[in-house]
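Hi everyone, thanks for coming.

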Amino acid sequence: MDIWTLLLFIPACFALNMAPGPNNLLALNNARRYGFRIALLAGLGRLAAFCVMIALAASGLAVVLYTSEILFLAIKTCGALYLLWIAYNLWRSDVSPVSDDVRNLSIIGLMKQEFALAAGNPKAILIFTAFLPQFVDVAKNVTEQFSLLGATFLVLEIVAIAMFAVIGLYLRQWFSKPKLVKRFNRACASFLALSGGNLLLSRQ
């Protein structure tokens, strides 16, 4: 792959990685509640989902999935309902976001939550079927180029997870009062519910 193409891809890709979507908001909340390390480990679930999508896109199966109206509608509906479910639980939650007790914490559970949230978002499929191919030169080895772009995307995604987790750590000091915790949780829940509703109503 041409180095200039890669240099053009990196900032455009990183802008997508840093978009304040549901997964990044989840990383922020996990860091705020359980700390940086837990948020970063939970983010591995998201990376696993993206690895599957990259593999599907590289093999051409994602294109079939995206052009199939029934399959796409099913993924979109499941993703939207899952977002609404998370929003509902967060709205009702009165648990303080600051917690150093991780003995009863299920890291696997948090990873599954990240995985399901990423896998249920059809916009992620669009990224790998429409965005990444724009930087592929069909005159050269497509598989190698796609693998490089996919690996770069995953590295930048790790950076984005870490950055949102750091933001979550800095927010900790502002939420020592239960009332502030509840307001922030409900603000996050509103954002997630809005995302879920928009996903259900969107045509694409």
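**Rings and helices**

Let's start with F9: its relative accessibility is 0%, so F9 counts as buried (buried means under 20% relative accessible area, exposed over 50%, partly exposed in between, with a 1.4 Å probe and protein chains only).

Before I go on, this is a predicted model, where local features need pLDDT of at least 70 and side-chain atom pairs count only at pLDDT 80 or more, while totals for chains, interfaces and linings use all residues. Residues are numbered from 1 along each chain as its sequence is written, and side-chain values use heavy atoms, with hydrogens and water left out.

So, how many aromatic pairs does the structure hold? Two. Rings of Phe, Tyr and Trp (its six-membered ring) pair if their centres lie within 6.5 Å; planes under 30 degrees apart are stacked, over 60 edge-to-face, and the rest tilted. F9 and F135 have ring centres 5.0 Å apart and planes at 75°, so that pair is edge-to-face. F9 sits in helix α1 and F135 in the loop between α7 (122-131) and α8, so the pair ties together parts 126 residues apart in sequence. (Helices are DSSP runs of H or I, at least four residues, numbered from the N terminus.) F135 is buried too, with a relative accessible area of 12%.

The other pair is F50 with F153, also edge-to-face: 5.5 Å centre to centre and 80° between the planes. F50 is in helix α3 and F153 in helix α8, so this pair ties together parts 103 residues apart in sequence. Both F50 and F153 are buried.

Now the helices themselves. The axes of α1 (residues 3-17) and α8 (residues 142-171) come within 9 Å and cross at roughly 40°. Axes here are lines fitted to C-alpha atoms, for helices over the stretch in contact, and angles run from 0 to 180 degrees between N-to-C directions. That makes α1 and α8 oblique to each other: under 35 degrees counts as roughly parallel, over 145 as roughly antiparallel, 65 to 115 as roughly perpendicular, and the rest as oblique.

What about α3 (residues 36-59) and α8? Their axes come within 10 Å and cross at roughly 155°, so α3 is roughly antiparallel to α8. Contact means heavy atoms within 4.5 Å, and the residues making this one include F50 and I54 of α3, and F153 and I158 of α8.

How values were computed
Helices (H or I, at least four residues) and strands (E, at least two) are DSSP runs, numbered from the N terminus.
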